[in-house]
2 protein chains.
Amino acid sequence: MKNNISTEPYKGVRDFYPENKFVQKYIFRKMREVVEAFGYEEYDASILEPTDLYKAKSGEEIINEQTYSFTDRGGRDVTLRPEMTPTIARMVAGKKRELAFPLRWYSIVNNFRYERPQKGRGREFWQLNVDMFGTKGIEAEIEAVTIAYNIMLKIGAIEKDFEIKINYAGIIGTVLAEKFDLSDGEKRNFIRLIDRWNGKKISDDDFNKKMEELLGKGKSEDLMKAMMNGEIKKIVDEQPEVKLCQEIIGRLKKRGITNVVFDPFIVRGFDYYTGVVFEVFDKNPDNNRAMFGGGRYDNLLDIFGEEKIPAVGFGMGDMTAIEFLKSRDLLPEYIPETNLYLCIIDEKFTDFADDLAQALRNQNLNVAIDYSYKKIGDQIKKANKKKIPFVICIGENEVKNDKFVLKRLVDGKQEEISREKIFSKISNF
Amino acid sequence: MKNNISTEPYKGVRDFYPENKFVQKYIFRKMREVVEAFGYEEYDASILEPTDLYKAKSGEEIINEQTYSFTDRGGRDVTLRPEMTPTIARMVAGKKRELAFPLRWYSIVNNFRYERPQKGRGREFWQLNVDMFGTKGIEAEIEAVTIAYNIMLKIGAIEKDFEIKINYAGIIGTVLAEKFDLSDGEKRNFIRLIDRWNGKKISDDDFNKKMEELLGKGKSEDLMKAMMNGEIKKIVDEQPEVKLCQEIIGRLKKRGITNVVFDPFIVRGFDYYTGVVFEVFDKNPDNNRAMFGGGRYDNLLDIFGEEKIPAVGFGMGDMTAIEFLKSRDLLPEYIPETNLYLCIIDEKFTDFADDLAQALRNQNLNVAIDYSYKKIGDQIKKANKKKIPFVICIGENEVKNDKFVLKRLVDGKQEEISREKIFSKISNF
């Protein structure tokens with residue numbers, strides 16, 4: 001007995017049947033509409049990158065635990081891109097002298113991370129990446145948050161569905177180092193822990209437990225107390241970087257974007273952030289968690305030996321967006337691209353059906369033909385199952401009179417019309 | 001001294017700067033228009049597949065020499081998809097009972113093959129895949145060739161730019177086995193050699209040399225003679241499968257597609273073809289070679305232990321298409337998505353510029369803002385370099401009078417207009 005090959009995809013990745021692809025394309029279209037309105041142009045790159053690209057600044061967790069890395073047949077160390085920022089930095093660094101800054105670029109690409117697959121999180125996810133290079137001022141942060149906000153609205157969210165939290169990278173570390181005498185290593189681990197806790201990746205209990213492990217019982221309790229009684233908040237609020245965040249929040253409010261708040265515990269997972277960072281949170285009480293985010297990374301061109309270029313960007317994944325839409329009943333209903341299904345009653349009418357289909361395609365209708373020559377009822381059932389809205393059957397009568405019964409499947413309504421009327425009837429039914 | 005990371009992409013893959021992405025998107029858009037007109041719906045899948053998927057029928061050269069395969073962190077053997085057909089077969093097999101046949105699906109995806117990078121051939125290439133499942137008759141082959149032909153016309157080719165060669169898979173093998181007493185191994189190797197020779201991957205000299213290596217001098221000379229003097233052609237023409245090819249050619253001619261010929265030496269590189277195969281050839285005398293092709297593969301669901309479903313499909317790569325367009329001077333000129341560039345004379349006008357931009361975006365204009373506050377001449381130069389067609393500068397006058405000087409960069413023409421006129425002026429300039 002031979003072994004059959006499995007029809008399952010690789011663990012943690014998705015097959016996109018047309019109904020699934022339709023949803024993804026809907027989200028990508030909305031994303032494109034917003035970012036292009038703000039003057040962003042699309043770029044792209046291979047998912048396969050030299051492994052070195054991620055060693056410098058993508059963060060230890062990703063490099064040590066989550067990358068798909070291997071050696072190619074020529075001995076080169078390569079990695080399936082876990083995120084797009086190092087790639088765009090590489091491309092900008094590579095053509096720096098030819099490019100006109102400020103640069104506004106976006107991409108919609110897939111990334112790979114070896115993680116435990118769960119709801120809204122897979123080993124492969126697609127992501128919109130939006131980056132502006134060459135703007136020093138907070139206009140860049142304001143634009144990034146505005147675009148993120150507008151995409152949320154574009155896919156159907158209302159303002160109270162989500163909240164945008166902003167912070168200044170490293171600020172909590174500065175405060176902690178100052179007041180609690182943490183080493184750099186403790187600081188970094190603590191910040192990473194806060195990131196996981198804030199993003200709802202670990203529970204409150206686990207957070208407390210891990211904090212004790214990291215800092216010891218005494219320091220951990222002191223810190224917890226200071227967090228709870230507002231002491232840390234007070235020290236944070238005195239930092240000059242917080243004024244910058246408050247100014248951004250104020251200017252966004254003037255634009256009518258009122259769901260932005262300052263949160264000193266927002267920490268992004270990547271090591272390259274140098275300034276303001278933000279995260280968009282789902283306010284669904286059953287699923288309150290970080291959906292996506294970004295921030296300023298002014299120093300990333302360093303790793304290529306190039307002069308710094310100020311940069312602000314964010315990434316928005318398709319899986320969290322789909323989960324968000326699902327939980328709000330905002331997913332679009334599947335409509336195939338195909339407008340009309342032609343059924344053929346007998347093989348001898350095939351040439352006629354082909355000619356009619358071609359004439360309608362020339363008018364920009366999308367027409368599929370059933371060449372099965374099965375019973376007409378069976379053929380119409382197929383059209384129904386495919387959710388194609390209209391059907392015409394080709395038989396003796398149609399060929400002789402050049403008149404066609406156009407049937408709308410959703411309600412069974414039908415009408416006999418001439419060839420010239422098919423296009424307008426389908427367009428305006 | 002620290003080591004800088006290279007700004008080069010991985011060898012054999014491409015960075016798509018916006019100008020490059022524009023060309024690729026243009027080709028994909030044309031492809032989509034054609035396949036959707038014929039009723040094909042888009043599907044997709046991950047580039048990462050279990051390695052087993054390719055072991056059965058993708059062909060030895062691909063598996064042994066060209067795949068990117070590795071073991072994931074959980075010990076699973078995985079491969080970066082070298083082609084899409086095994087994936088679509090897997091997906092169809094997996095939901096066979098829920099799907100309505102005939103099924104018309106397309107995808108536009110990237111594939112990886114470890115080959116020597118050269119013009120029109122990279123280690124990563126993007127490919128349109130067009131497949132129909134569930135049609136036994138030659139209507140399926142006719143439709144596939146018609147679509148391929150229509151895509152060529154859609155991207156700007158005329159009929160004499162290319163030729164479509166069709167054949168029946170295995171026919172040359174049958175003939176050779178019958179007349180020249182070749183073993184199955186010799187047959188397979190010989191067919192593979194013909195494929196490489198036909199696709200202009202090896203020279204005539206190399207072909208002769210390799211043929212001698214494969215079959216020995218005597219057999220090789222006999223075969224060559226029989227090929228040259230028409231003996232093989234005569235035997236081929238007597239095979240019943242050739243009549244099928246001739247019927248397809250005849251029916252395509254009736255549809256106005258007259259550049260299709262029968263060629264018994266067309267051999268596709270994959271082992272799964274079971275019937276008619278075809279290849280589209282560039283007729284450019286400097287670059288006469290196979291661009292893309294496909295054929296019938298009725299048995300591929302076997303490998304999943306599922307009943308056969310008749311299937312016809314083809315794949316068309318972006319790199320050969322781009323080379324074709326380049327050689328014919330048919331590449332589209334780059335036009336950014338952005339319509340208008342707003343320059344700001346002084347920081348105090350930023351809020352006003354932001355408001356104006358937002359109002360124009362609400363009218364579906366794509367508007368980028370320069371927040372550099374550099375000299376206006378410098379800002380306009382940037383717009384020019386980005387090829388953005390229109391510029392408006394925001395200063396004292398504009399804010400006071402709500403009148404704007406709209407400048408068209410291609411010819412420097414400008415006009416003072418009110419806010420309400422900006423949209424229509426840009427749309428109809």
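Before we look at anything, one term: two strands are said to pair if DSSP finds at least two bridges between them, and the helices (H or I, at least four residues) and strands (E, at least two) that I mention are themselves DSSP runs, numbered from the N terminus. Residues are numbered from 1 along each chain as its sequence is written, while chains are lettered from A and ligands numbered from 1 in the order in which they are written. What you see is a predicted model, in which local features need pLDDT of at least 70 and side-chain atom pairs count only at pLDDT 80 or more, whereas totals for chains, interfaces and linings use all residues.

Let me begin with confidence. pLDDT is the predictor's confidence in each residue, from 0 to 100, and for chain A the mean pLDDT is 92, with 99% of the residues reaching 70 or more. For the complex, the predictor gives an ipTM of 0.94 and a pTM of 0.94.

Now for chain A as a whole. Chain A contains 16 helices and 17 strands, and its C-alpha atoms fill a box of roughly 90 × 60 × 50 Å along the principal axes. An automatic or database domain assignment supplies the domain bounds: domain 1 of chain A takes in 18-169 + 268-327, and domain 2 takes in 340-428. The centres of these two domains of chain A, taken over C-alpha atoms, are separated by 45 Å.

I will also speak of burial, and here a residue is buried if 20 or more other C-beta atoms lie within 10 Å of its own, exposed if 12 or fewer, and partly exposed in between, with the C-beta atoms placed from the backbone. By that count, 44% of the 429 residues of chain A are buried.

Let us move to chain B, and to one strand there. How many of the eight residues of strand 11 of chain B are buried? Six of the eight are, so strand 11 (residues 289-296) of chain B is largely enclosed by the rest of the structure. Strand 10 (residues 276-282) of chain B runs antiparallel to strand 11 of chain B and is joined to it by six bridges, and these two strands form a hairpin with six residues between them. Strand 11 of chain B also pairs with strand 12 (residues 311-317) of chain B, again in the antiparallel sense, over four bridges.

Next, how the two chains relate. Copies are superposed by least squares on the C-alpha atoms of residues with pLDDT of at least 70 in both. A rotation of 180° with 0.0 Å of shift along its axis places chain A on chain B, at an RMSD of 0.0 Å, and that is the relation of a two-fold axis. Which residue of chain A comes closest to the rotation axis? That residue is A:F70, at 3.2 Å by its C-alpha.

For contacts, two residues count if their C-beta atoms, placed from the backbone, lie within 7 Å. The contact between the chains takes 66 residues from chain A and 66 residues from chain B. On the side of chain A that touches chain B there are 31 nonpolar, 13 polar and 22 charged residues, where Ala, Val, Leu, Ile, Met, Phe, Trp, Tyr, Cys and Pro count as nonpolar, Asp, Glu, Lys and Arg as charged, and the others, Gly among them, as polar. Because 100% of the interface residues of chain A are also interface residues in chain B, the copies meet through the same surface.

I will finish with the backbone. Most residues other than glycine have a negative phi, and most peptide bonds are trans. The peptide bond from A:F101 to A:P102, however, is cis, with omega near 0°, and A:P102 sits in the loop between helix 4 (85-94) and strand 6 (103-112) of chain A. A:D329, which is not a glycine, has a positive phi of about 55°, and with 7 C-beta neighbours inside 10 Å it counts as exposed.
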